[in-house]
2 protein chains.
Amino acid sequence: MARSIWLRQERSGRGPAPEHSRARIAAAAVELADVGGLDAVSMRKVAAAIGAGAASLYRYVETRDELLELMADAAAGEIDLSRAPSGDWRADLVALAHELREVYRRHPWMLDIAPGRVALGPNTVDVLEYALATMQDLDAPTPAKMEAFALLNGFVALLVRSEKELGGATTEWQESQAEFLASVVTDGRHPHLAAAFATPSQATPAVADLLDSVLPRVLTGLLETGGDRP
Amino acid sequence: MARSIWLRQERSGRGPAPEHSRARIAAAAVELADVGGLDAVSMRKVAAAIGAGAASLYRYVETRDELLELMADAAAGEIDLSRAPSGDWRADLVALAHELREVYRRHPWMLDIAPGRVALGPNTVDVLEYALATMQDLDAPTPAKMEAFALLNGFVALLVRSEKELGGATTEWQESQAEFLASVVTDGRHPHLAAAFATPSQATPAVADLLDSVLPRVLTGLLETGGDRP
DNA sequence: AGCCGACTGGGTACGCTGTTCGCAAAGGAG
DNA sequence: CTCCTTTGCGAACAGCGTACCCAGTCGGCT
């Protein structure tokens, strides 16, 4: 069984010192991904970015997936955990969600990484520790707290994903999607969908910030088993 | 701009009749993915599965992504939409979520496809139409209903993802993750995490079915703007 | 009836990918 | 000073998505 990259030390003592560092490699990879998406993160390109040969990268990382782990954890490291928990766990978690959202916005490729494997590294674990600290006075079973954290993460990812799809420049792909949708709307067999598109975008309330409106409700529902009402 | 595959007709009239069909191709690709994941869905393998040359696939599909669209829509077609809306939109949406979850469970590769591009095809659009029909008596702005559907989808995906990670056979990767976690727990700098793992899994309530417990709350929060309470 | 032109199937090839292997060079430990 | 571990990396391999081109096939028009 292969040990996690975080359990292998960077320097092995003997032999020549490595010319690069995990941090530098991760930074280079993140930069590439920020510009060209995850597809731009190939072993050859990352190696070239730090001025190394492609095969040399494998001295630092066992597979490409491990490189992605490095990147994800580097991104998690951007979250500011210095603010002490206020005592209001709901507010603290929502604040954490905001912070997380900024990370997702800065590094959209995280959306293509996160779903698959959660991949905890040192920084990710620190974030989890912070979330648990936030909930320390809350009387809820530990698994529920874990689920709450996972849900928070997934919820934020979902939000950023949809805001990336809706807003922003209209891609060619979106246009062809819209064209198909138009043909569906006019085929007569989808009345509700047609009605939905007939309304003149009735004063769209600027997509209320679901982070502040819905997330607290979700967390409450998940963590406060007390006074349940249907 | 390239037209959506759903706007191009399968048969072009002139010339020899195609030897295969989109449905057959999609079915073969789905079968491959069910067994070996999305990685097993290569143009060459799919082509071989239907007894064709690799290059021939491009007569039916413009890119591999379009093939994935075919697959996703085929999966969406497995959802049973025959039950008429009951009048209780919440119950109907939860039932739809259950149906959706079965699809995700049957076709885990959907989890690696859905996040990126929502990719509406004929079947997907039918599901959306059904969801809207379910909410027709509900007095909420159309965009909110759309968000609710997207959220429902994302929520189900999130759930299936976590149940796939937690349950099931312990992979080698999970073991190395656990090993790292153990080292973190014992390093003394993560007290809350340590405490979380110290509790003897206190009567884990079998991960209550979040679909029935949390989803209705989320939907309520999103769609019922009335009597708001902090 | 015959032919033209549009269409399908698919072999081949290109550039890219992740990864492995083997070897030369380098430097700490004894 | 020597030995042995470790590093860097050129070359190679299998597999990928995709473009190109040619041969063969058939529908529609004349």
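**Reading a two-chain model**

User: What should I know about the model and its labels?

Analyst: The model is predicted: local features need pLDDT of at least 70, side-chain atom pairs count only at pLDDT 80 or more, and totals for chains, interfaces and linings use all residues. Residues are numbered from 1 along each chain as its sequence is written, while chains are lettered from A and ligands numbered from 1 in the order in which they are written.

User: Which elements make up chain A?

Analyst: Helices and strands are DSSP runs, numbered from the N terminus (helices: H or I, at least four residues; strands: E, at least two). Chain A has eleven helices and zero strands.

User: How do I read the overall shape of chain A?

Analyst: Compare its radius of gyration, taken over C-alpha atoms, with a globule rule: 2.2 Å times the number of residues to the power 0.38. For 230 residues, a compact globule would come near 17 Å; chain A has 22 Å. Along the principal axes, its C-alpha atoms fill a box of roughly 70 × 50 × 30 Å. Of its residues, 31% count as buried.

User: How are chain A and chain B related?

Analyst: Superpose the copies by least squares on the C-alpha atoms of residues with pLDDT of at least 70 in both. A rotation of 180 degrees, with 0.0 Å of shift along its axis, brings chain B onto chain A at an RMSD of 0.1 Å. That is the relation of a two-fold axis. In chain B, V218(B) comes closest to this axis, with its C-alpha at 2.9 Å.

User: Where does A133(B) sit, and what does it touch?

Analyst: A133(B) is in helix α6 of chain B. It has 18 C-beta neighbours inside 10 Å and counts as partly exposed. Beyond four places in sequence, A133(B) contacts H192(A) and P85(B).

User: Which residues have the most contacts inside the largest nonpolar core?

Analyst: Such a core is a set of buried Ala, Val, Leu, Ile, Met, Phe, Trp, Tyr and Cys residues joined through C-beta atoms within 7 Å. The largest has 117 residues, and A29(A), M71(A), A29(B) and M71(B) have the most contacts inside it. Not counting residues up to four places away in sequence, A29(B) touches V41(B), V46(B), L67(B), L70(B) and M71(B).

User: What does UniProt place at residues 19–79 of chain A?

Analyst: The unreviewed UniProt entry places the feature "domain: HTH tetR-type" there. UniProt positions follow the numbering used here, feature names are shortened, and annotations may be inferred rather than shown by experiment. The span is 57% helix and 0% strand. The annotation "DNA-binding region", also from an unreviewed UniProt entry, covers residues 42–61 of chain A.

Terms used: Buried ≥ 20, exposed ≤ 12 C-beta atoms within 10 Å, placed from the backbone. Contact = placed C-beta atoms within 7 Å.
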